[in-house]
Amino acid sequence: MASITLTDIVKQYGDGYPAVNGVSLDIKDGEFVILVGPSGCGKSTLLRMIVGLEDITSGELKIGDEVVNDRAPRDRHLAMVFQNYALYPHLTVFENIAFPLRLQKGRYTEEQIKDNVEFAADTLELREHLDRKPANLSGGQRQRVAMGRAIVRDAQAFLFDEPLSNLDAKLRGQMRTEIARMQRRLGTTTVYVTHDQTEAMTLGDRVAVLRKGELQQVASPRALYEQPVNLFVAGFIGSPPMNFMPGEVHGDTLRLPFADLPMPDGLRERLGGRELVIVGLRPEHVEDARVLDDHKRAAGTTFEADVDVVEWLGSELYAYIPFETHADVAAKLEELDRDLDGEGMRTQVIVSLGSESRVRDGSRATLWFDPRRLLVFDPESGENLTYDEEAARRIDSETEEDRRAALERAQRDTARAGERESVSAGDARHRAG
Amino acid sequence: MSTEITGATSGVASRSTTGAGPDRGAPAGPGGRPRRSDRARAEARLGWLLAGPAFVVMLAVTAYPILQAVYESLFRNRLTAPDDRAFIGLGNYGVILGDPVFWKSLGVTTGIMLVTVAVELVLGFALALIMHKAVTQLRGLLRTAILVPYGIITVVSAFAWFYAFSIDSGYVNQWFDWVPGISPDLNWFAGTWTSLFVIIASEVWKTTPFISLLLLAGLAQVPSDLEEAAQVDGATWWQRMKRVVLPNMKAAIMVAVLFRALDAFRIFDNVFIMTNGANDTTVLSLLAYRTSIGRLEIGLGSAISVLLFVCVLIICFIAIKIFKVDLAGARGEK
Amino acid sequence: MGALTAKQKWAWAALTVAVLVYALFPVISIMATSFKLPSDLNTGKFLPTTWTLTNYEQILAPDGSAQELFLSSLRNSVGISLIATAISVVLSTLAAYAIARLDFPGRKLVLTTALAVSIFPVISIVTPLFNLWRSIGLYDTWPGLVIPYLSLTLPISIWTLTAFFRQIPWELEQAAQVDGATTWQAFRKAIVPLAAPGVFTTALIAFFIAWNDFVYGISLTSTEAARPVPAALAFFSGASQFEDPTGAISAAAVVVTIPVVVLVLLFQRQIVSGLTQGAVKG
């Protein structure tokens, strides 16, 4: 196990286009870091540079204390799980998992190989499939074999390249938990590439958000959600995505399409002289005013809006409210939408209300939100004007403590299980759960 | 092959297989198997109408002559002495199998086959790898170059190699006189081994492109992420080839080898042009040709033809039963 | 893939040159021979000391000693190969369409037969054909070669075309009909453009194979009436009985090789896809 340090990593293709541009990232020993971003942001390229399948144009890559820029993949001692699993079709599950061990001739005895493979198979509940060929396995089983191949040897780190994107939604959820559990137990440094922000938020100790080859923000999932540094990160993290609307500054009032807000003191200063800003409001921070008690209602702002379409999902309710955007911010928001792989269909606000809300298609609703939860962005640079560095750091350090504790707990459990010589995955799952 | 057959221009309506589904309302026959509907019958009729001519022609130009050859081989029949024709049963086979000339040419043919296939497999794989890994701009050039030997007439190739090595018009002796055993007065076509060397060289040059294209197609079917995964798993280049790439293109290799082996076993043109069988370089095809066309011994020649055919069948049998070459599968018929 | 390093570039250049030498050297070698004077042949040099067109005059000029022999064989080769190609392309197109498109018992039988015929030892059927052709008068005629050539060209045509036809999205035809095309229009506008490249490629490969034949050509002909080029080359003699035919043969070989090289240059991509599609698919 080892840390991975990226310093000013650049990847430039033959045509001069930088797929990855000056990325610096410290991945601590045992940490689970997610590289996330829309398609074409360079996240997979970055991962392939770490593992050695792509050359690094410039910058420095260190694994542990060694610079490995020019090392062949086989000398980096990393394990990778590919998007299509890359199982060897001519080998059985056992031989697939044993493959990395067999490559090192003479280093492992047949006995050791068997023990290692069986340990991995037990961890992943593959014991009864060891004699089968990959073609006869289900998607989830293939996925687990690929993970088995990764954990069977003492790799410095695990790398995952969108490992769950070929699975259906239900299986994806299960495998996600499985990966998290495995990483905690083994405590192996892990870099995980995905475009799915749910995976990013649930799995990662820290998440690195990339856009067009450039690193936007690296922080714990909570910090990203609460303190995004810019429009892009704010728009990428969260589902349904954050609403953006123009905000016109009129003296001490901030005029939104639906409501006028008195500005809190701090915000006034942060806006500087700007007269037009982009305001971000998360759908889940809006509620139906009719179901709130008076006390809470008084603590925020209410406004009236015409609801266009309603989607009732059982646990919650999404209401869509179209609005006319301001011409000066329209271009910026369209660009953002493109960056986020959106279709740029129409400008609307999505609000996520409790499922008990009686808002229906075409009705006029009274909605409530807490103005302190608004984020305000510069319309030119997209920078988050309400970013609170102190808060972000505090969240990160809390998360870091949680991570350490979880890691220790998981490893203590494993050690204890090892003493009792019953390393069955069922037990581990029971304890972890 | 998809079982879904969509409407044809010929007026055959939409999909069905022989076992038409219940939705088609085909009444079940007494045995419980659905009866073929009229539509399915019409489709079968049209199928044979279209494929029939090709099928009949193929049988007519091969099955009929080989049966004729089997029949002729049972007679003593020499065109120069037509009145002497008589049924002698397996007599011709007895003569041939008892003649060392036959066994010698069988040995030469088999030897040529084994050596050419082995050399071509290695050379063809190297060429396939080069084409596979080449950047796009080079790939076109390389493929064009490699197709030149494929397209050239075998006889032309035979002459080209013959003239290059011939003591009268060649330059090889001068170029390679530093190699032990090669001197300006070495006559390549005066000895068995030297003749066979040039014959094999010409055969290899002309037919390696075919094998290498088949192997290239096989290479292209090995997903690139398998190689990458092996790279990450710690495999050296050699280990990747041996443990990942080659096992995954086994089917393609087997098919290429079988096709080339059968082709090499029929070798005729190169030998005819270069030595015409002199110095113990007679191959089976040449023996058959000389017996029936040259000496007009139809009975004996037919028997050799039949034996040659039997050899090909044996090679196929070995390939399919022992090496489990799935010809049909590898050729796209599932 | 990133930009190649200088070292890789040199390695590729070296490999490319090696492949080019491999593929072209024998061709260049016989070309060099074709420009040599008879007196120049046994100097042991690769290139002619004086370049001459004598050999080409011998086979092409009206008063050339081998002109009659060469041109008639060229005519025979082109004619017979084209006819055999045309027949096998027509027959195999019909068959491949049926195999790829229709469900009929025996589909597999046709394909297996084609496979069996393609590995058939040609020489095995030469003897019976020789005998038969002589008795029914097909010996030393064009049809007498066209028919056996079909045993060479039909099987590979059927395999190649079947592979091509299986890749055609036949729903297009229905889509066109839904869009308002008649049956014939749908076939002509939607299917023919997709099928044409496959048919063309198949024709090219079939022609190469027919053009290459030697065994039938030498066994089933006896005069200039039907003898194709490869067989004629083997029967070339010099201007007089004692003159060496090397120069004339080389010149003739170059002349018949040029069309092959041109076709390869023009249709490299199609030939490769045809050869590999018909062969290995899975």
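**View 1. Chain A as a whole.** Of the 433 residues of chain A, 41% count as buried, where buried means that 20 or more other C-beta atoms, placed from the backbone, lie within 10 Å of a residue's own, exposed means 12 or fewer, and partly exposed falls in between. Before going on, please note that this is a predicted model, in which local features need pLDDT of at least 70 and side-chain atom pairs count only at pLDDT 80 or more, while totals for chains, interfaces and linings use all residues. Residues are numbered from 1 along each chain as its sequence is written, and chains are lettered from A and ligands numbered from 1 in the order in which they are written. Chain A holds 13 helices and 21 strands; helices (H or I, at least four residues) and strands (E, at least two) are DSSP runs, numbered from the N terminus. The C-alpha trace of chain A spans about 75 × 50 × 40 Å along its principal axes. Among contacts in chain A between residues at least 6 apart in sequence, 72% join residues at least 24 apart, a contact being two residues whose C-beta atoms, placed from the backbone, lie within 7 Å.

View 2. Chain A is divided into domain 1 (4-226) and domain 2 (231-388), with bounds that come from an automatic or database domain assignment. Taken over C-alpha atoms, the centres of domain 1 and domain 2 of chain A are separated by 37 Å. To the contact, domain 1 of chain A brings 10 residues and domain 2 of chain A brings 9. On the domain 1 side, the elements giving two or more residues are helix 6 (197-203), strand 9 (206-211), strand 10 (214-219) and helix 7 (221-226) of chain A. By class, this side has 4 nonpolar, 5 polar and 1 charged residues. Here Ala, Val, Leu, Ile, Met, Phe, Trp, Tyr, Cys and Pro count as nonpolar, Asp, Glu, Lys and Arg as charged, and the others, Gly among them, as polar.

**View 3. A closer look at strand 9 of chain A.** In strand 9 of chain A, 6 of the 6 residues are buried, so the strand is largely enclosed by the rest of the structure. In a regular strand the side chains alternate between the two faces of the sheet. Here Arg206(A), Ala208(A) and Leu210(A) point one way, Val207(A), Val209(A) and Arg211(A) point the other way, and all are buried. Strand 9 of chain A pairs in the parallel sense with strand 3 (residues 32-36) of chain A over 4 bridges; two strands pair if DSSP finds at least two bridges between them. Across this pairing, Val209(A) in strand 9 of chain A stands opposite Val36(A).

**View 4. The hairpin of strands 9 and 10 of chain A.** Strand 9 and strand 10 of chain A run antiparallel and are joined by 5 bridges. One pair to look for is Val207(A) with its bridge partner Ala219(A) in strand 10 of chain A. The two strands form a hairpin with 2 residues between them, and Lys212(A) in the turn has a positive phi of about 50°.

**View 5. A sheet of 3 strands in chain A.** The strands form an open sheet in the order 17-18-19, with antiparallel pairing. Strand 17 (309-312) and strand 19 (348-354) of chain A stand at the edges, each with a single partner strand, so one side of each is left without a neighbour in the sheet. From one strand to the next, the twist averages 20°, with axes as lines fitted to C-alpha atoms (for helices over the stretch in contact) and angles running from 0 to 180 degrees between N-to-C directions. Strand 17 of chain A and strand 18 (residues 316-322) of chain A share 4 bridges in the antiparallel sense. Val309(A) faces Tyr320(A) of strand 18 of chain A as its opposite residue.

**View 6. Chain B against chain C.** Here 95 residues of chain B are in contact with 96 residues of chain C. On the chain B side, helix 1 (residues 38-72) gives the most, with 20 residues. That side has 62 nonpolar, 25 polar and 8 charged residues.

**View 7. Chain C and its residue Pro62(C).** Chain C has 11 helices and 0 strands, and 50% of its 282 residues are buried. Pro62(C) lies in the loop between helix 2 (54-60) and helix 3 (67-101) of chain C. Pro62(C) counts as exposed because it has 8 C-beta neighbours inside 10 Å.
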